[in-house]
Structures are given as structure tokens and as C-alpha cells.
Amino acid sequence: MEREVCLVQAKILEKYKWGQYILFYLFAPEISKLAKPGQFVMIRVSEQFIPLLRRPFSLMSVDPSEGRIAIFFQIVGRGTSRLSQYSPGESLSLIGPLGQGYSLSVLKPGDKVILVGGGRGIAPLFFLAQQLKEKKIRVMIFYGGKSAQDLPLKSLIEEELGVEELVLATEDGSLGEKGLVTEVLERKEIWPRIERVYVCGPEAMMRKIARMIEVWGVPGEFSLETYMGCGLGICWSCVRRIKKANSWSWVKICEEGPVFPGEVIKWEED
Amino acid sequence: MAVQKVDMSVDLGFFRLTNPVLTASGTFGYGIEMMPFVELKKLGGVVTKGLYFEPREGNPPPRLVEVTAGLLNAIGLPGIGVKAFIRDILPRLREEKATVIVNVCGETVEEYVKVVRCLDEAEGIAFYELNISCPNVEEEGRCPALNPQATYSVVSRVKKAAQRPIVTKLSPNVTDIALIARAAEEAGSDALSLVNTFLGLAVNVETRRPKLANVYGGLSGPAIKPLALRLVYQTVQAVNIPVIGLGGIVTGYDALEFLSVGARAVQIGTANFFDPQATLRIIQEMEEFCREHNISRIEDFIGSFRI
């Protein structure tokens with residue numbers, strides 16, 4: 001369980017806000033050197049006791065040469081609301097990088113992969129796409145949300161990631177194709193040419209994709225979102241049913257996840 | 001002339017701690033998880049996560065929910081079991097020169113005894129902490145800590161079997177803490193620690209359902225500090241054995257409040273979750289307070305509270 005993890009004060013360098021979505025660039029050189037796509041950081045959003053616990057955030061991008069990392073989040077509750085009030089120049093206490101990320105080593109240059117992000121779930125996939133680009137992997141991103149305002153990273157993806165194809169999907173049809181991202185994905189019929197699928201988003205979306213790719217026989221990796229008490233493996237609260245040695249065990253998402261292959265995840269039903 | 005070096009060691013009678021700050025069971029893993037943040041030998045001691053004889057799965061999630069200045073948990077004491085602890089964890093804690101205090105659990109009195117006998121065979125443990133708040137399967141899930149007879153019965157049985165000193169950890173969910181504390185003392189407990197968590201409930205008003213899968217959970221964190229302090233004070237007055245205080249300690253000042261009412265040591269719990277270096281910071285803050293107040297031995301501060 002020895003691991004390289006840092007507890008740092010990270011200064012906010014830049015902040016961008018689109019409605020309920022926030023993007024912070026932070027100065028955290030130690031973390032930027034160690035981090036892998038799919039890993040996360042625990043952020044203390046208040047020095048006071050409300051909220052008390054740190055909150056987990058996937059790393060959205062990392063630039064070790066500049067010592068920068070980025071987190072992208074949606075304001076959903078007390079913790080993210082408090083975090084959204086910070087400004088450039090202020091510092092945050094971060095612990096990271098934590099958890100097990102997406103696996104890239106199985107891929108070779110020229111392979112084609114699909115990344116599917118739902119809403120704020122795009123965050124770890126952005127970082128993943130950065131690294132896939134360096135490895136000369138051909139990347140197709142599906143980015144879905146309820147409406148256009150849920151896809152604020154569209155421009156940044158186009159400018160920075162140089163992916164082969166970016167497919168946008170909105171439920172109200174205000175941007176890209178109309179419908180759930182899973183429906184759009186199904187219509188494309190692209191599975192036979194795909195090496196691997198990387199997913200992060202709402203449970204229902206991930207569950208549908210897991211079933212889809214099972215039929216096609218394409219391996220997939222899913223980043224699970226759970227309530228986390230500590231992120232360090234000491235509170236035992238962030239467990240889910242994961243298949244280990246052919247039986248379902250309660251597994252700590254912060255330690256052995258958040259990314260798991262689809263076939264070991266027990267999906268929550270609606 | 002201000003004090004330069006403060007003697008932070010405290011004597012429990014059966015063991016001298018290098019300083020009064022221990023970790024609270026269940027909030028520091030088995031110790032090794034926290035090695036990136038804390039040099040374990042700098043702590044008064046590491047109290048391990050509770051150990052049953054066999055590995056355990058724990059409760060279904062949600063197991064934890066944040067509430068105002070605290071958290072409510074029903075983790076359900078999952079763990080690796082005592083044999084895996086001795087085989088995989090203890091040697092590494094010894095390498096780190098940590099003072100190891102093993103928290104002992106049992107579904108039956110026999111299981112507590114079995115766990116302690118197993119641990120007695122191993123080197124590198126300072127003493128035991130008995131978690132008597134575990135649901136007892138023979139008593140319809142009631143835990144021994146809620147009843148003086150049941151407390152006496154489990155503590156006396158374990159004390160007879162154990163070759164190391166025993167600290168009995170008390171539950172705050174009782175009407176008369178002194179009664180339970182005395183029962184544990186009479187049963188031969190070498191010291192007491194309190195408080196465990198306060199039983200609580202949190203509701204999701206959208207769904208009208210409990211926020212925890214287990215319905216009820218234990219409340220910890222800064223929210224409980226005054227409640228805990230009152231119980232620790234009353235316990236100190238009720239018994240002649242050392243008392244270890246815990247409940248919502250986040251700062252050195254918090255810890256000193258517990259020492260002032262007579263606790264000889266403290267445990268840090270929930271604070272580890274949001275500040276993994278809380279224990280070290282608290283030791284530093286206490287030491288600083290002593291220097292500023294010309295206290296050369298922390299023991300001189302213990303029990304200094306006056307009404």
C-alpha cells in the first residue's frame with residue numbers, strides 16, 4: 001500500500017465558469033508529475049467544519065512541464081458550491097494523485113478507441129485523450145449532456161485534443177445530435193473497428209454502454225463516482241460490489257478504483 | 001524564563017506513551033495506509049481498525065454521510081481478520097517502530113477471547129483496546145457497552161485470557177456512564193477510552209428514506225466534542241483507572257480540554273479524514289501551548305480543570 005501521494009497547498013492559477021460548470025487550473029507540480037488519467041485528488045473546500053470532509057475530483061488535465069493540473073466540476077451541492085467561490089490567487093489543500101486510473105499500456109499506435117463522457121464525466125477523459133494523443137492512438141470522443149450548456153468543454157476539446165472525431169449529443173437537440181449519448185453511440189455502429197472504450201458519466205449511461213460493448217465484445221473501462229469520506233482508504237465508506245475471484249465483494253473505490261473494467265462492476269439498477 | 005523542551009510523555013500506569021496523542025480506531029486504517037502522511041513512531045500510538053477473528057465484509061453502502069460539523073457512519077466493521085493483520089500488517093508497523101494498540105472486536109465473548117489469544121502470540125503490540133460496542137449475536141445484536149452486566153462479563157473474560165493490558169472503549173449511548181465505567185473497572189480493565197460514536201439518524205427528505213443503508217449510524221466529528229467532554233469528565237470522577245478521551249478533537253486546544261478534565265491521553269478520529277496530518281499537528285499545538293504557558297511536563301496539565 002506504499003504509494004506516492006502528496007498533501008500540498010495548490011494555488012489557483014486560472015478559473016473559468018460556464019453556468020454550473022467550473023474549471024480551475026492549479027499549481028501543483030508534485031501531483032502533475034505523478035498523475036495518471038483517471039486518478040483523482042481530494043480537495044478541502046473549507047478550513048471550517050462545514051463542509052467537513054474533502055471532496056474527490058478527477059484530474060482533467062495535467063502539464064508537468066508547467067507544474068499545472070486542472071479540475072473540472074459541476075456545482076451539485078454544498079461542497080462544490082463552496083469550492084466554486086474560490087478565485088485565482090487563493091490556495092486549496094489537495095491530496096493526490098489517488099486511485100487507479102485508466103490503462104493505456106494495452107494500446108499501440110494506430111489503435112482506435114472511443115471515449116464517452118456524460119456531463120461532468122468528461123473530466124478524466126480529457127486527461128486521457130491528452131495522453132492517447134501522445135501515444136498516437138486514434139481517439140473518438142462522445143460528449144453528451146442534457147443541453148448545450150452541459151457541454152462547456154466543447155471548444156477546449158477541439159482546440160487542445162486534436163481528436164479524430166468529436167460527437168456531441170444533447171437530449172434537447174440544442175447542440176450536436178439529438179438524444180442520449182448512448183442512443184447516438186448505438187446509431188453509429190462502429191464497434192468492430194474499436195480497440196477499447198473509456199467511459200465516465202452518470203450510472204445509467206455507463207450501465208447501458210457496459211451492456212452494449214459486452215454484446216460487441218469490446219473491452220471497456222469505467223470510472224465510478226461514489227460518495228467518499230477520505231479518499232485514502234481509511235474510512236471504508238466508498239464501497240461498491242466488484243467481482244473478485246468470481247464473487248462480489250465490497251471494494252473501496254478510492255483504493256482499487258475509481259476505474260474498473262466493465263465486467264467486474266455490479267451496476268446499480270434504476 | 002520560558003520552557004524550551006516540554007516532556008510530552010504520559011504514564012498510563014501499565015504503559016508510558018511518548019505523547020498523549022493516539023489515533024482512534026476505524027479512522028486511521030491499520031496505520032500503514034497513513035505512512036505517506038505521518039511518521040508513525042511520532043504518535044503516542046496507533047490504534048488499529050477493529051479486528052474480528054475472521055475477515056468481514058461490513059455493511060452495504062451508503063455507509064457514511066456528512067452532517068453539520070460531523071459525519072454519520074455505519075461502516076459495519078469490515079476488516080481483514082486477526083491472522084492477516086498479524087501476518088501482513090504487524091511486521092510493517094514494527095519496522096516503523098509504531099506503538100501498536102490493537103482494537104479487538106467479537107460477535108460473541110468467545111470471539112473476543114479468541115482474537116486476544118491469537119494476538120498474544122504476536123510480538124510488537126503495546127496493549128489492546130476492547131471494542132464493546134460490537135453487536136453481540138447471542139444478545140439479539142445488543143452490544144455489551146450498553147449494559148453494566150454485559151460489560152462486566154466480556155471485560156472480565158477477556159482480561160483473564162489476555163497477557164497484555166486492556167483498555168475498554170465505552171459507548172456514549174447510555175444513561176449513566178459512571179455505572180458502565182465502574183463495571184469495566186471492576187472487571188479488571190486497565191484503562192478506559194471514550195467516547196465511541198453517538199447513535200444518530202439522517203433523512204433524505206426528497207425520498208423520505210434514511211441516508212444510510214443501515215438506517216442508524218454513529219455520529220462523530222467536531223459536532224460531538226462538548227457531549228464527549230462531559231462524559232469523559234464524569235468518567236474520570238467515577239473511576240481510579242486512567243481514562244483516554246476522544247470525540248471531535250481537531251486541534252491542540254480540543255485535546256487539552258480533554259486532558260484538563262483528567263484524560264491521560266486522547267484519540268484523534270474523524271479529523272484524520274480531512275486532515276491526514278491532524279495527529280502530528282495536534283501534538284505540535286499542545287507542545288506550543290505548554291511552552292507558552294511555562295508547562296514543562298504535559299502531565300502537570302492533566303486534571304487541572306477547576307469549577
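This is a predicted model: local features need pLDDT of at least 70, side-chain atom pairs count only at pLDDT 80 or more; totals for chains, interfaces and linings use all residues.
View 1. Strand E3 of chain B and strand E16 (residues 265-268) run parallel and are joined by three bridges. Two strands are said to pair if DSSP finds at least two bridges between them; strands (E, at least two residues) and helices (H or I, at least four residues) are DSSP runs, numbered from the N terminus. Helix H8 (residues 278-292) of chain B packs on the sheet and touches E3 and E16 of chain B, its direction making about 165 degrees with that of E3(B). Contact here means heavy atoms within 4.5 Å. Axes are lines fitted to C-alpha atoms, for helices over the stretch in contact, and angles run from 0 to 180 degrees between N-to-C directions. The whole open sheet has eight strands with parallel pairing, in the order E3-E16-E15-E10-E9-E8-E7-E4 (chain B). Its edge strands, E3 (21-23) and E4 (46-47) of chain B, each pair on one side only.

View 2. Thr48(B) lies in the loop between E4 and strand E5 (64-67) of chain B. Its relative accessible area is 0%, so Thr48(B) is buried (under 20% relative accessible area, with a 1.4 Å probe and protein chains only; exposed is over 50%, partly exposed in between). Beyond its neighbours within four places in sequence, Thr48(B) is in contact with residues including Ser25(B), Tyr30(B), Phe85(B) and Asn103(B).

**View 3. Strand E6 of chain B and its two antiparallel partners.** Strand E5(B) pairs with strand E6 (residues 70-73) of chain B in the antiparallel sense over four bridges, and Val67(B) stands opposite Gly70(B). Two residues lie between the strands of this hairpin, where Ala69(B) takes a positive phi near 55 degrees. E6(B) also pairs in the antiparallel sense with strand E14 (residues 216-220) of chain B, over three bridges; there Leu72(B) stands opposite Leu219(B).

**View 4. The contact between chain B and chain A.** The contact takes 38 residues from chain B and 30 residues from chain A. The two chains bury about 2800 Å² between them, 66% of it on carbon and sulfur atoms; buried area is the accessible area (1.4 Å probe) lost when two parts are put together, summed over both. Glu66(B), Phe273(B) and Phe274(B) lose the most area on the chain B side, together 25% of what that side buries. Three salt bridges are counted between the chains, each a side-chain nitrogen of Lys or Arg within 4 Å of a carboxyl oxygen of Asp or Glu. One of them joins the side chains of Glu66(B) and Arg55(A), at 2.9 Å from N to O.

**View 5. The barrel of chain A.** Six strands with antiparallel pairing close into a barrel in the order E1-E2-E5-E4-E3-E6 (chain A). Neighbouring strands are turned by 45 degrees against each other on average, direction ignored. Strands E2 (residues 21-27) and E5 (residues 68-74) of chain A pair over seven bridges, with Tyr21(A) opposite Gln74(A).

**Notes.** Residues are numbered from 1 along each chain as its sequence is written, and chains are lettered from A and ligands numbered from 1 in the order in which they are written. Local features need pLDDT of at least 70 and side-chain atom pairs count only at pLDDT 80 or more, while totals for chains, interfaces and linings use all residues; side-chain values use heavy atoms, leaving out hydrogens and water.
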